[in-house]
Structure formats: structure tokens, C-alpha cells
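Hi everyone, thanks for coming. I'd like to walk you through one chain today, beginning with a single residue and then stepping back. Please have a look at the screen.

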Amino acid sequence: MTIKLATSYGFCFGVKRAIKIAENTKNASTIGPLIHNNEEINRLSENFNVKTLHDISEAKGVDKAIIRTHGIPKKDLETLMKSDVQVINATCPYVTKPQEICEKMSMEGYEIVIFGDADHPEVKGVESYAIHGAHVVQSVGELEKVKFKGNKIAVVSQTTRKINEFLQITNYLETRYKEVRVFNTICNATFENQDAARELAKEADVVIVIGGKNSSNTKQLHSICKEYCADSFLVESEKDLDPSWFTGKTLCGVTAGASTPDWIIEKIVGKISEIKV
């Protein structure tokens with residue numbers, strides 16, 4: 001069986017930046033998991049004593065607090081900044097962008113639509129910058145239920161969503177409301193990884209997607225691969241691999257989410273290469 005890696009996969013700029021910040025800030029604490037990858041979080045804890053806090057209520061007595069790549073709600077950040085804690089902001093710049101857009105456009109009287117998962121920490125943070133709140137939707141069906149007060153609407157996206165689904169949202173709004181400002185805030189790395197995963201899945205007869213099972217961008221990659229290769233599986237570590245997945249297969253495609261470090265990918269690829277098909 002041949003193993004083929006996607007042409008674009010793994011760590012994105014924002015995650016690389018956050019990991020480097022954490023490695024250079026030993027004995028610190030992150031507000032929420034720094035990234036969505038448990039294996040890497042454990043490595044940072046063991047090697048650099050970087051602890052993970054659930055929220056800012058646990059930050060009392062902490063010397064250094066690192067803001068997670070997904071960001072945190074605006075009020076929480078302001079509270080931390082006023083405390084005695086040294087704050088190191090590792091929010092991905094691609095996440096900071098929609099935060100700034102929501103704040104600016106809501107100040108100018110636009111109602112805000114965020115395409116994304118309302119329960120995701122990134123979206124919660126972005127939503128907190130909309131002065132009068134925001135409408136968070138994941139589909140046109142959900143959007144149809146929204147009652148807007150006026151005709152001025154600004155739209156942003158969670159950074160890891162699918163572009164075709166974002167376009168469905170914007171097309172719906174643009175054909176119904178007088179003034180719609182569209183800001184494509186999907187990360188470039190997301191585009192590249194998704195396109196590469198799509199092309200890989202078209203030729204592979206089994207695909208392994210590596211990443212955290214609570215990672216939005218990894219789940220999106222898995223969803224895309226499933227569209228083109230039914231035997232696509234999401235794994236966090238080599239322990240999740242099932243040898244039966246590879247029986248009779250000739251080409252195994254491998255891709256990885258933006259929070260997946262090379263050392264995990266190498267370990268899993270090594271394990272796959274040992275499986276007898």
C-alpha cells in the first residue's frame with residue numbers, strides 16, 4: 001500500500017506562532033486550551049510546564065496568562081489586562097481580524113452575521129466584539145429564521161469554515177437586503193488544506209485525517225474527504241488506527257488539521273506503514 005501526504009496539511013501560521021510563544025513562556029497558564037490538539041497540549045505541559053485553565057476565574061494568583069489562538073471574549077480580556085497577571089496574547093491574527101471587523105461595523109450601525117458554530121470559542125470571542133450582539137448561523141436554513149431590524153448587514157466567517165457554505169450565506173443576504181458588507185475571514189491555510197484534502201481524497205481509497213476531534217478545521221477536512229472517499233477516518237493518535245481500514249487498499253491518503261504538529265503526523269504515518277494489508 002502506498003502512503004501519500006496531501007500537498008498542504010498541518011500546522012498553520014497562527015498555531016506555529018502560538019506554540020512558539022508558549023515554548024518561550026515557561027511556567028505560564030493558557031486561558032482555555034492553547035490549540036485544539038490534546039497531544040500537543042500535553043507536550044507543552046510536560047516539557048514547558050504550560051498549564052491549561054478553563055477560564056479567567058482560575059487565573060487568580062497566576063503570574064503569566066497566555067491567550068489561546070482562538071481568542072477569548074472581549075470583557076474577559078479587559079478583566080485580565082486590569083489584573084496583576086502578565087498577559088501574553090497568542091490570538092491568531094486571522095481571528096483578531098473578524099473581531100475588529102465586528103466591532104467597527106457594529107459601531108457604524110450594521111447588524112452582524114457570523115457564519116460559524118455558536119459554541120466554538122473562536123466564535124464566542126468574535127461575537128463579543130459586536131456591540132449590539134450578533135446573529136450566529138451555520139446554514140441558510142438558520143438564517144431564514146433571523147429577523148433583522150434594518151437593511152444594513154455585515155457578514156464575517158469563522159476562520160475554518162468551508163468557502164462554498166459561506167457563499168451560500170452571503171448570496172442569500174445579498175439578494176434580500178439593500179446593503180450587505182461581506183468580509184471573507186476564512187484563513188488562507190484553511191483554503192489550501194481543504195483544497196489539498198479534496199484532491200487527495202479523489203484519488204485515494206482510504207484517507208486518514210489527523211487532528212483533534214474537537215478541532216473545527218480538522219472536522220471540516222474530514223467532512224470534505226468523506227465526500228470523495230467514503231473510507232475517510234479522523235484520528236488523534238496512532239492508537240485510534242484500525243488495521244481493518246486498510247484491508248485491500250492500494251493508496252492511503254494522509255492529511256492533518258491546522259493544530260496537528262509534525263511529530264504526531266510522523267508517528268501515525270510510521271504506524272500505518274507497519275500495517276500489513
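Let's start with Thr260, which counts as buried because its relative accessibility is 0%; buried here means under 20% relative accessible area, exposed over 50%, and partly exposed in between, with a 1.4 Å probe and protein chains only. Before going on, a word on the source: this is a predicted model, where local features need pLDDT of at least 70, side-chain atom pairs count only at pLDDT 80 or more, and totals for chains, interfaces and linings use all residues. Residues are numbered from 1 along each chain as its sequence is written, and side-chain values use heavy atoms, with hydrogens and water left out.

Where does Thr260 sit? You'll find Thr260 in the loop between β12 (251-256) and α10 (262-274); helices (H or I, at least four residues) and strands (E, at least two) are DSSP runs, numbered from the N terminus. The Thr260 side chain reaches the backbone oxygen of Ile210 at 2.9 Å. Leaving aside residues up to four places away in sequence, Thr260 touches Gly10, Phe11, Asn37, Ile210, Gly211 and Ile265, where contact means heavy atoms within 4.5 Å.

Now to another loop residue. Phe183 lies between β9 (179-182) and α8 (188-203), and is buried, with a relative accessible area of 19%. Which residues does Phe183 touch, not counting those up to four places away in sequence? They are Ile101, Met105, Ala154, Val155, Val156, Ser157 and Phe166. With Val156, the C-alpha to C-alpha distance is 5.1 Å, although Phe183 and Val156 are 27 residues apart in sequence.

Next, a helix. In α1 (residues 13-23), the buried residues are Gly14, Val15, Ala18, Ile19, Ile21, Ala22 and Glu23. Their cover includes α2 (38-48), β4 (64-67) and β5 (86-89). As a reminder, an α-helix has 3.6 residues a turn, so residues three or four places apart point the same way.

Finally, let's step back to the whole chain. It has ten helices and twelve strands. Its radius of gyration, taken over C-alpha atoms, is 20 Å, close to the 19 Å that the globule rule gives for 277 residues, so the chain is as compact as a globular protein of that length. That rule is 2.2 Å times the number of residues to the power 0.38. Of the 277 residues, 52% count as buried. Among contacts between residues at least 6 apart in sequence, 71% join residues at least 24 apart.

That's my tour, and I'm happy to take questions.

Conventions: Polar contact = N/O pair within 3.5 Å; in protein donor to acceptor, adjacent residues only side chain to side chain.
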